[in-house]
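Colleague: I have not looked at this one before. Can you walk me through it?

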Amino acid sequence: MTKCGLILKSADRSLIYQQTILLGKVKNATEAEWAGLYAAIQFAIEHNELTLEAENDNLGVISVLITRNYPTKHSYANYYYRKIMELGGDMEWLGLRWIPRSLNVADSLLR
């Protein structure tokens, strides 16, 4: 089973969640990046965090979402793109940004 690492700080900084989330079966590492970002946004909403600044180290995934260039031939990318956009519409604010892998602290939760 594939997992993703998540660190979520509440808007008022009073709570910090550090989780690993099971993603289930994925086809490849890129699908895991899409699924992980979707799971992180869902986690935030489930914990009543409706403003979120999400960071991810996959430039391809982040650039598709930021520029709203609909994904490519991969059905999993199309699926997660739509689901992430839907969740974002339910939030007060959703910011996405790319970070280098060396700065991705949440990745250490998987080690």
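Modeller: One term to begin with: two residues are in contact when they have heavy atoms within 4.5 Å. Also, this is a predicted model.

Colleague: Fine. Which residues does Thr-51 contact, leaving aside neighbours within four places in sequence?

Modeller: Ala-11, Met-91, Glu-92 and Trp-93 are in contact with Thr-51.

Colleague: Where does Thr-51 sit in the secondary structure?

Modeller: Thr-51 belongs to strand 3, which covers residues 51-56.

Colleague: Buried, partly exposed or exposed, and why?

Modeller: Thr-51 counts as partly exposed because its relative accessibility is 32%, and that class lies between the 20% and 50% cut-offs.

Colleague: How far is Thr-51 from Asn-28?

Modeller: Their C-alpha atoms are separated by 29 Å, and the two residues are 23 apart along the chain.

Colleague: Let's step back. How many helices and strands are there?

Modeller: The protein has three helices and four strands. Along the sequence they follow the pattern β-β-α-β-α-α-β.

Colleague: What about the overall dimensions?

Modeller: Taken along the principal axes, the C-alpha atoms fill a box of roughly 40 × 35 × 25 Å. The radius of gyration is 13 Å, which agrees with the value near 13 Å for a compact globule of 111 residues.

Colleague: What share of the residues counts as buried?

Modeller: Of the 111 residues, 41% are buried.

Colleague: Where is Asn-48?

Modeller: Asn-48 is in the loop that runs between helix 1 (29-46) and strand 3. With a relative accessible area of 64%, Asn-48 is exposed.

Colleague: What about Arg-68, what is its phi?

Modeller: Phi of Arg-68 is also positive, near 60 degrees. Arg-68 lies in the loop between helix 2 (59-67) and helix 3 (75-89). Its relative accessible area is 61%, so Arg-68 counts as exposed.

Colleague: Last one: how many charged side chains are there, positive and negative?

Modeller: There are 12 positive and 12 negative side chains. The centres of the two sets are 9 Å apart.

Definitions and conventions: Residues are numbered from 1 along each chain as its sequence is written. This is a predicted model: local features need pLDDT of at least 70, side-chain atom pairs count only at pLDDT 80 or more; totals for chains, interfaces and linings use all residues. Side-chain values use heavy atoms; hydrogens and water are left out. Helices (H or I, at least four residues) and strands (E, at least two) are DSSP runs, numbered from the N terminus. The radius of gyration is taken over C-alpha atoms; the globule rule is 2.2 Å times the number of residues to the power 0.38. Buried means under 20% relative accessible area, exposed over 50%, partly exposed in between (1.4 Å probe, protein chains only). Lys and Arg count as positive and Asp and Glu as negative; His and the chain ends are not counted. The place of a charge is taken as NZ of Lys, CZ of Arg, CG of Asp or CD of Glu.
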